[in-house]
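Q: I have a protein structure open and would like to go through it step by step. Could you help me read it?

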Amino acid sequence: TSLDPSHPLSAGLTADSRLVRSYHGERQEVVPVWFMRQAGRSLPEYRELRVGTRMLDACLEPAMASEITLQPVRRHGVDAGIFFSDIVVPLKLAGVAVEIQPGRGPVFEQPVRTAADVARLEEVDPASLDAATFAPIAEAVRLTTAELGSTPLIGFAGAPFTLAAYLVEGGPSKDHIRARTMMHADPQTWSRLMAWSADVTGAFLRAQLLAGASAAQLFDSWAGSLSLRDYVEHVAPASARALSHVRDLTYEVAQPEAAEAPDTTEAGATPATDEPLVRNVPIVHFGVGTGELLKAMHDVGADTVGVDYRTPLDEAARRLGHVVPVQGNVDPAMLDAPWEVLSAHVVDVLTRGREAPAHVLNLGHGVPPETDPTVLTRVVELVHGWRP
Ligand code: CP3
């Protein structure tokens with residue numbers, strides 16, 4: 001499915017950006033950089049704007065969600081905005097009773113633990129979640145991309161396993177033990193829960209991309225609690241199903257210009273063609289503690305793989321056969337270390353990232369709320385000024 005001609009990718013606004021080109025595996029002279037959780041409590045302007053508004057209400061208030069998305073782009077000069085929302089927003093829009101407790105995370109009124117609980121979820125057919133359901137999301141994306149111009153917006157969604165980990169537990173948990181038990185104790189109920197979650201989260205992601213986001217990131221934050229075998233057997237099919245909701249979205253770019261005018265008299269020279277290249281909207285797949293799963297996470301239909309801080313990027317690139325772009329992986333704990341220590345670490349990450357075809361610098365997980373935001377701005381300047 002071709003994106004609308006007015007979409008920032010089709011209109012040529014963001015297709016040539018460092019971020020989008022890197023996600024397609026084309027190494028850029030300057031390494032692009034953005035930060036997971038760049039919008040949020042590390043910014044005083046965010047804390048001020050959020051006073052008196054609950055997290056999920058803020059997500060469904062288009063002007064506020066858009067403003068919060070733009071704050072870190074203005075302040076840090078990062079190469080992308082990440083849409084301000086939450087992985088549980090599509091569940092709320094599907095009618096699931098959920099709130100986000102400050103300092104804790106998503107909490108559900110009724111945990112989903114039995115076949116009957118899953119049947120209750122299935123009363124909402126994911127196919128019924130239409131443009132009207134996602135209207136506040138699409139509106140926030142449109143307001144945001146109108147301001148961002150040539151800076152791409154990244155849309156995101158939670159992967160089915162990470163959503164199921166919250167749904168089954170009823171809230172945050174350490175080892176997601178109830179969810180992992182369900183996958184073995186009642187694999188049929190588990191796969192129905194995963195399929196439902198995949199379609200709901202996939203619809204949320206598709207709404208963001210159709211409305212103007214130029215890339216997608218699927219967060220499987222808690223997949224690191226799984227063995228490779230369980231991931232491949234009980235989780236990967238649902239993640240692939242979630243991504244199938246956006247894999248078909250394409251845009252056209254002009255053929256890159258040849259460095260020299262083609263010598264058409266030379267034997268065997270192919271005549272230049274004006275045929276445009278058709279590309280898919282690039283997809284990033286990220287998890288925490290997923291060093292053993294990188295290859296499997298690529299295989300579900302990602303273009304770029306996000307790496308947490310535990311696996312050095314040269315090792316991650318090796319595990320991905322040196323053919324997959326990587327994103328990461330500055331240790332968030334380093335942000336509060338002396339600048340000499342942090343800057344040496346960032347340069348080490350940049351250097352190791354050269355083992356992959358392309359690299360987008362990010363953290364290995366989200367910005368901690370206590371982070372001094374001036375440090376993040378300084379990291380962006382370092383990355384943009386760095387040359388190997
Ligand atoms: O800047 C960005 O990265 C974009 C916004 C974003 C949020 N949540 C906003 C948010 C994104 C991409 C997410 C995804 C998300 N939400 C994930 C996957 C990413 C990850 O961190 O692994 C997960 C697991 C969640 C669930 C969730 N929502 C948690 C664990 C929390 C934190 C609870 C807390 O208070 O520490 C939330 C709430 C949340 N989502 C906040 C923000 C800015 C904090 C809300 C606040 O300001 O009080």
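Q: What is the radius of gyration of the protein chain, and what would a compact globule have?
A: The protein chain has a radius of gyration of 21 Å, which agrees with the value near 21 Å for a compact globule of 388 residues. The radius is taken over C-alpha atoms, and the globule rule is 2.2 Å times the number of residues to the power 0.38. This is a predicted model, in which local features need pLDDT of at least 70 and side-chain atom pairs count only at pLDDT 80 or more, while totals for chains, interfaces and linings use all residues. Residues are numbered from 1 along each chain as its sequence is written.

Q: What does the C-alpha trace span along its principal axes?
A: The C-alpha trace of the protein chain spans about 70 × 50 × 40 Å.

Q: And how many helices and strands are there?
A: The protein chain has 15 helices and 11 strands. Helices (H or I, at least four residues) and strands (E, at least two) are DSSP runs, numbered from the N terminus.

Q: How do strand 2 and strand 3 pair?
A: Strand 2 (residues 98-101) and strand 3 (residues 105-108) pair in the antiparallel sense over 4 bridges; two strands pair if DSSP finds at least two bridges between them. Ile100 has Pro106 in strand 3 as its bridge partner.

Q: Which residue in that hairpin takes a positive phi?
A: Gly103 does, with phi near 80°, in a hairpin that has 3 residues between the strands.

Q: New topic: where is His176, and what is its phi?
A: His176 is in the loop between helix 8 (160-169) and helix 9 (177-185). Its phi is near 55°, a positive value in a residue other than glycine.

Q: Is His176 buried or exposed?
A: His176 is buried, because 22 other C-beta atoms lie within 10 Å. A residue is buried if 20 or more other C-beta atoms lie within 10 Å of its own, exposed if 12 or fewer, and partly exposed in between, with C-beta atoms placed from the backbone.

Q: What about His322, buried or exposed?
A: His322 counts as exposed because it has 11 C-beta neighbours inside 10 Å. His322 also has a positive phi, about 60°, although it is not a glycine, and it lies in the loop between helix 13 (313-319) and strand 10.

Q: Which residues does a cis peptide bond join?
A: Gly328 and Asn329 are joined by a cis peptide bond, with omega about -20°. Asn329 lies in strand 10 (residues 326-330).
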